[in-house]
Structure formats: C-alpha cells, structure tokens
Amino acid sequence: MIINTQLEIVLEGGKEVVRCKCGRVLCSGNENYKLFALRQEGPFSMAGPEKIFSGKYKGEERFVFRLFFCPGCLTVLECEVAPKGSQILRDYEPIPSPESQKIESTAKDRSPSPQVKSSG
Amino acid sequence: MKIDPITFEVLTHRLIAINDETALTIRQVSPSPVANQVYDFNSCLMTKDGDAFTVGNYIVSHADSIPAITKNVIAEFSENPGISEGDMFLCNDPYTGSPHQTCSTVVAPIFWKGEIVSWSGATVHVIDVGGPVEGQVAFGAQSLFAEQRVTTPVKIVEKGTVRKDIERSYVSQTRLPELLSLDLRAKIASNNVARERIHEVISQYGLENYLGTLETLISLSEKRLRSRLKEFPDGIWRHKTYLNYDPGSGEQKIYTVSLEMRKKGDSLTFDFSGTDDQAPAVINMTRPALTGAVLMAVFPYLCWDIPHCPTGVERAYEVVSRQGSLVDCRWPAGCSKSTTTSLRAATVATSLTLAKMLIAAGRTDRVLSSSQADINIADFFGLDHNSKFFGTVLLDAMGGGMGARGFKDGIDTGGNFDSVTAGFPNVETMEARFPVLYLYRRQIMDSGGAGKYRGGATIGWAWVPHKGKITGIVLHCAAPEAAVSVGVSGGYPSCINQRYVKRDSDVRTRFQRGIIPSEIDELDGHEETFPAIAKTFLGDNDVVSMVCMGGGGFGDPLERDPALVLKDVKNSLVSNEYAEKVYGVIIETPAMNVDFSKTEEKRAEIRSLRRKGAGGVR
C-alpha cells in the first residue's frame with residue numbers, strides 16, 4: 001500500500017511496516033508515520049518565499065510550518081501548515097484488511113519520536 | 001428506457017453543447033465584467049425532477065445549487081402559484097440552495113406537449129442585491145438578517161412575460177438596479193436558449209430518445225465512477241483547512257474545516273462532521289453549497305474521462321456533515337461570503353485527500369497539489385469617470401497559481417483547477433469601465449510552492465483610484481494568516497495572500513515625473529494591512545497592493561532538476577536566494593549556469609541541516 005511517493009506499507013518479517021524508498025522502516029503499518037519521522041517546526045519563512053511573507057502578517061504568531069523527514073535518507077515526506085500547538089494530523093490511515101488484523105501491532109513496543117526543534 | 005449507443009453518444013454531446021451555449025448566452029447578455037470577463041456564472045440542464053445531467057465548466061458548485069433551488073420550486077410551488085409553460089423562478093436564498101446571496105439564479109421548466117420534461121437553470125454572480133453593506137460581504141453582520149437581501153423562489157417570468165411587480169421588488173433595494181436587471185435578463189435569456197434547443201432535440205430525435213439519454217447518462221456516470229473507485233486502494237485520508245474570521249469579538253478566530261475521506265470498495269465518503277461550529281454570519285455555507293464544493297474537486301480529480309454528469313457522479317459517494325457547523329449551517333446563520341471561505345476550504349480539503357488517494361493508487365499522472373486555495377478579492381463602489389455610481393468586484397485573484405502535478409510543474413497563473421473556464425479580467429477593460437489605474441499586474445517571484453515539481457506562480461497587482469471616487473472598498477479572503485495552498489508528498493506550500501494599502505503615497509508626484517512605480521515599497525507613504533475581511537475607503541493617493549496564493553509543490557525540493565531551477569531563475573519565477581536556500585541549487589552569476597559541484601555540496605549541507613534542525617538523529 002502506497003502512502004506517498006516516498007513511503008509504503010509492506011510486509012517485513014511477517015509484519016506490516018511503513019517503509020521509506022531508502023529502506024528505512026519508520027513504524028508499524030497501523031501507526032502515524034509522522035510521529036516516527038524527524039520533524040522540524042518553525043515559521044513560514046522556512047518554506048522560503050520571504051519576499052511575500054515579509055513579516056507583514058500575524059500568521060507567524062499563530063501558525064507553524066512543519067516538515068517531516070525520513071530519518072534514513074532525510075527526504076521530505078510531507079509538510080503541514082497548522083495552528084501552533086495543534087496535534088499532528090494523521091493524513092493517512094489504512095483500513096485494516098482481515099489479514100492485517102491478525103498481525104499483532106508493533107505499536108506497543110515502540111514510542112513516537114520526540115525529536116522536535118523549533119526554528120526561528 | 002433503452003437507447004442505442006450511437007444515438008446516446010450523439011445526444012450526450014449535443015446536450016453538453018447546448019449547456020455550453022446557455023452559459024455563453026449569459027456571457028453575451030450580461031454587462032458585468034464579473035460575468036463577461038471572469039465568467040463567474042454557470043448553467044445546467046436537469047431532468048423533470050430537477051436532477052442535473054450536465055453543467056458548464058464555469059463555477060461548478062452551481063451544479064448543486066441550481067438543482068437544489070429547482071427541487072424546492074417543484075416541492076413548494078407546483079400547486080400554488082403553479083408551474084406553467086413559459087414560467088421562470090428567481091432565487092438567491094442560501095437556505096433554498098444558493099451558495100450566497102449574490103449568486104442569483106433563475107430556473108425554468110421545459111415543457112413538451114403540455115408536460116414538464118426537463119428544467120434549465122442559470123446563475124450569475126451579481127454585484128449587489130441590497131443590504132447594509134455594498135457588494136457580497138456583509139461586513140460586521142451577526143446573522144442572515146443583517147446580510148444581503150434574500151429572495152426565496154418567486155415567479156419572475158409568467159407564461160413568457162417578465163412580471164414587472166416582482167422585478168421591481170427584486171431591484172428595488174440594490175444600489176445598481178440597471179446592472180441587476182440586466183443580469184436577470186442574462187439568466188432569462190440563457191433559459192430561453194435551453195428551452196429552444198431542447199425542443200429542437202426532441203423534435204429531431206423524439207422524446208423517448210431524449211429521456212433515454214438522460215437516464216443512461218446518469219446511470220453510466222455513476223457506474224463508471226464506482227468502477228474507478230473499485231480500482232483504488234481502501235483507506236482513510238484526512239485534511240484540515242483554516243480560515244480567519246472575526247465573529248464579533250474583535251479578534252480573528254481560527255476556524256477549521258476538517259475532512260475525513262473514507263474509501264472502501266466502490267464507496268467513498270467525505271465526512272466533514274469534525275468541522276468547527278458555525279460562525280454568526282458571512283463565512284458559513286449551507287448543505288447544497290457543501291455538496292457543490294465537493295463536486296468541484298471530484299470532477300477534475302476522479303472524472304477526467306467520466307461524463308461530468310452531477311447526479312450520476314454524486315450517486316457514487318456520500319457527503320456527511322454536522323448541522324450547525326461551518327459547512328452545514330443552521331438558519332439564521334449568515335452565508336454572504338461562503339464561496340471563497342468555507343466553500344473554498346471544503347474544495348481544497350477534498351482535492352488534497354483525493355490527491356493522496358490517487359498517489360496511493362499509483363496515479364501520480366492525475367495528481368494536483370493545492371491550487372490558489374484562497375482567493376484575494378476587492379469589492380469596491382463609488383463614482384466613476386462620469387460621476388455615476390458604480391460597483392464591481394476586482395477578481396484578478398482568479399489568476400492564482402495552480403498546484404504542481406505529480407509529474408510536472410503547476411501552471412503559472414493558471415487559475416481555478418475546479419472551474420476551468422473561469423478567467424480573470426482584462427486590465428484595460430477594468431480601467432476603461434471603472435476609476436482605477438493599474439501600476440502593474442504580473443507573476444510573482446518565489447510565490448509557487450517549492451518541490452520536485454514547483455507549484456504555479458501566482459499573480460500580484462497594484463492599482464490606484466483614477467478619475468473618479470472610490471467611496472468604499474471591502475477586501476476579503478479566507479486565510480490571510482496561513483498558506484492553505486499546501487503541497488503534496490513533501491512539496492512546500494505557496495505564498496500566503498497579501499493585501500495592503502499604501503496610504504498618502506507619492507504615486508501621483510511620480511506620475512508627474514513620468515515614473516510608473518514597479519514596486520510598492522518604492523513609494524513613500526504608510527502601509528495599512530487588513531484582516532480576513534475589512535471595509536475601508538481609498539483616498540486619491542492610496543495604492544492597493546494584492547497578491548493571491550500560488551500552487552503547492554509536489555515532492556522534495558532537493559529532488560528538483562537543477563536545470564529547471566535555473567530556468568525559473570532566468571524567468572524571474574524563482575530568486576537566486578530561494579534557489580540556493582530551498583532547492584540547494586547554486587547558480588553562477590552573471591554567466592547564469594548551474595554549478596553542479598557546489599549544488600551537490602549545498603544539497604548535502606541542507607540534508608545535514610535537516611537532521612540537525614530536527615534535533616538529532618533517530
């Protein structure tokens with residue numbers, strides 16, 4: 001099952017896992033991959049077009065730009081623009097197939113990455 | 001009802017052509033640039049029960065608003081005042097079906113041998129229908145009662161004759177009676193064309209073939225969409241879009257439109273029940289507007305080779321909403337500016353969840369990131385060159401950037417992905433008609449979202465009052481704080497909306513010196529910025545500057561071909577600094593070549609910073 005151009009859910013060692021194209025396994029197939037990705041959070045200017053953003057708006061006080069990277073190849077997996085302090089959106093969730101429901105989740109064995117640094 | 005396949009194909013395309021002609025009739029008759037320049041209108045053809053079987057490629061949400069109004073007319077007024085041959089009904093009521101009060105609709109039955117066999121409908125975005133505030137935005141309203149005037153369905157044409165009493169009542173409260181009256185004539189003309197052409201079809205092919213075509217078209221489009229859905233993987237996709245609005249507290253509240261899209265087998269559900277509660281006025285929408293908003297994304301993302309038959313396509317999925325929320329408001333919440341706020345947000349959320357489902361299905365060839373997700377508009381009123389009262393909408397923002405595709409850059413200033421025939425106005429036409437002088441209108445550097453494929457660059461423009469008086473201007477957009485044209489698969493968001501007024505500038509002194517300023521920052525004066533919706537005035541030396549959103553990017557910017565980045569820099573779509581900072585591409589100047597060795601180093605450095613910036617290595 002393809003999640004996006006970098007990630008897919010594959011069977012590895014009898015378990016469904018979220019795996020990057022580079023081969024790095026992020027988490028089990030039924031978890032939110034964003035919680036296991038490297039995450040950078042900061043103002044819009046991280047997205048680049050400073051000329052437009054130019055500090056004229058209050059957006060930088062209330063909204064953040066979030067980048068999620070593969071911990072293996074450091075490719076950007078997904079971006080979010082969201083209110084500061086809001087929960088990370090789970091943008092994709094598989095509907096468990098009868099087969100996958102039989103597979104025990106690895107979620108209990110692993111904890112989400114706390115690695116967040118605010119830039120700017 | 002069986003119909004042979006050849007007759008079906010011939011009639012289907014003929015009906016689509018008829019629908020196009022009814023839409024073009026609006027454009028030909030209406031004197032308003034909103035209709036004849038921007039094409040902010042639509043028309044559709046319906047069955048005898050008010051089910052739409054074709055709709056124009058103009059503002060597609062009317063595919064649901066026109067049928068909702070028609071069904072209400074059939075349900076409520078068949079007995080009293082009755083529906084006769086030659087009748088037409090006028091309506092702009094959001095709780096009957098209109099997206100907002102300035103989308104005014106006329107629907108008409110089409111009779112054949114004394115029986116209704118079809119309906120037609122036409123909607124035009126009109127400039128002013130009356131109400132406390134000029135134009136479409138009920139600035140400061142706390143309910144529908146303080147918004148633009150509502151007209152529930154009334155028989156405006158009776159047996160072929162315009163009812164003068166109703167017309168007079170309709171135009172009595174507008175500030176622009178001639179314009180409103182002519183826009184009404186445009187809709188009536190459109191329905192007249194529909195009736196004549198459908199009569200020709202039935203005369204030539206017979207009623208049975210005509211009705212058989214409608215029935216087959218509806219069932220075929222549903223069947224084909226369900227069949228497509230079956231090919232796609234099951235899953236749940238989510239997206240949230242944000243709006244800013246002051247509900248009367250004096251603070252800009254953040255409202256969230258939340259979508260969970262669930263796909264299983266051949267069924268698809270768009271569930272908006274997690275959306276925030278309704279606002280008192282202005283930014284809400286009613287249920288027909290929501291289903292229209294979803295359809296706006298479903299057509300281009302899923303139906304590229306499926307007939308754009310609204311009823312058939314909509315039978316293949318379900319839209320869930322919670323009454324009392326922003327996207328399914330409860331009377332008497334106001335809806336005067338739904339179309340570019342909650343409606344747009346729902347379309348954006350739908351398009352992004354569909355884009356992700358298409359990627360999962362391996363159909364990156366059909367993916368589009370978010371396109372000009374928020375539209376930056378100015379309604380303004382005053383005295384024109386001839387000291388005559390005027391009003392209009394500046395819709396340059398209809399030329400925002402399109403989202404990057406899954407295989408190619410987004411189209412620069414490509415405009416709406418959802419209403420592909422809608423355009424944006426000609427500068428000279430606007431200057432000739434209204435007291436404005438553009439300083440410039442152009443594509444904006446660094447405005448498209450970065451990505452392996454770049455989001456389309458957007459449009460920016462600046463203007464000053466000229467040979468007239470602008471007494472009131474309402475600036476409005478949905479999300480001035482957040483870039484809601486987001487990317488997909490690691491693509492970056494576009495720029496945010498930008499609009500400000502440079503007060504008491506020296507622009508006229510510069511004109512006298514023969515200088516046309518090319519940047520607002522060059523001008524003396526002080527800047528005033530505005531929240532999502534604001535009403536203000538313009539002095540003779542006040543310059544308005546606006547930038548709309550571009551398109552979101554697709555894929556990691558570090559995967560972009562350096563040659564494409566160089567091309568963008570040469571075309572002034574990307575700056576050298578942006579090329580280096582986000583794309584990691586080093587361009588040698590003045591030779592304007594890519595330094596591949598330094599580019600490789602820079603990209604390695606950015607990747608390393610990503611690890612560092614994220615707080616370490618997992």
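This is a predicted model: local features need pLDDT of at least 70, side-chain atom pairs count only at pLDDT 80 or more; totals for chains, interfaces and linings use all residues.
**Entry 1: chain A**

I began with chain A. I found three helices and eight strands there. Read along the sequence, the pattern is β-β-β-β-α-α-β-β-β-α-β. Chain A has 120 residues, and 43% of them count as buried. I then looked up its contacts between residues at least 6 apart in sequence. Of these, 50% join residues at least 24 apart.

**Entry 2: where A meets B**

Next I turned to the contact between the chains. Chain A gives 44 residues to it and chain B gives 51 residues. I asked which elements of chain B supply two or more residues to the side that touches chain A. They are strands E8 (235–245), E9 (253–264) and E17 (498–503), along with helices H9 (342–360), H13 (576–581) and H14 (596–613) of chain B. E8(B) brings the largest share, seven residues. By residue type, this side of chain B splits into 24 nonpolar, 14 polar and 13 charged.

Strand E7 (residues 92–93) of chain A is joined to E8(B) by two bridges, and the two run antiparallel. I looked up A:Tyr92 and found it opposite B:Trp237 in E8(B).

**Entry 3: a sheet in chain B**

E17(B) also has a place in an open sheet of five strands, in the order E14-E15-E20-E17-E18 (chain B). The pairing is antiparallel. Which strands form the edges? They are E14 (436–443) and E18 (526–529) of chain B, since each pairs on one side only. From one strand to the next, the twist averages 20 degrees. As a reminder to myself, strands of a sheet pair through backbone hydrogen bonds.

I checked the pair at the E18 end. Four bridges link E17(B) and E18(B) in the antiparallel sense. B:Arg503 sits opposite B:His526 in E18(B).

**Entry 4: helix H12 of chain B**

Last, I went through H12 (residues 562–570) of chain B. Its buried residues are B:Pro562, B:Val565, B:Asp568 and B:Val569. They lie on the same side of H12(B), because they cover an arc of only 115 degrees around the axis. What do these buried residues pack against? Their partners are H13, strand E21 (587–588), strand E22 (593–594) and H14 of chain B.

After H12(B) comes B:Ser572, with a positive phi near 60 degrees.

Terms used:
Residues are numbered from 1 along each chain as its sequence is written. Chains are lettered from A and ligands numbered from 1 in the order in which they are written. Two residues are in contact if their C-beta atoms, placed from the backbone, lie within 7 Å. Ala, Val, Leu, Ile, Met, Phe, Trp, Tyr, Cys and Pro count as nonpolar, Asp, Glu, Lys and Arg as charged, and the others, Gly among them, as polar. Two strands pair if DSSP finds at least two bridges between them. A residue is buried if 20 or more other C-beta atoms lie within 10 Å of its own, exposed if 12 or fewer, and partly exposed in between; C-beta atoms are placed from the backbone. Axes are lines fitted to C-alpha atoms, for helices over the stretch in contact, and angles run from 0 to 180 degrees between N-to-C directions. The arc is that of the directions from the helix axis to the C-beta atoms.
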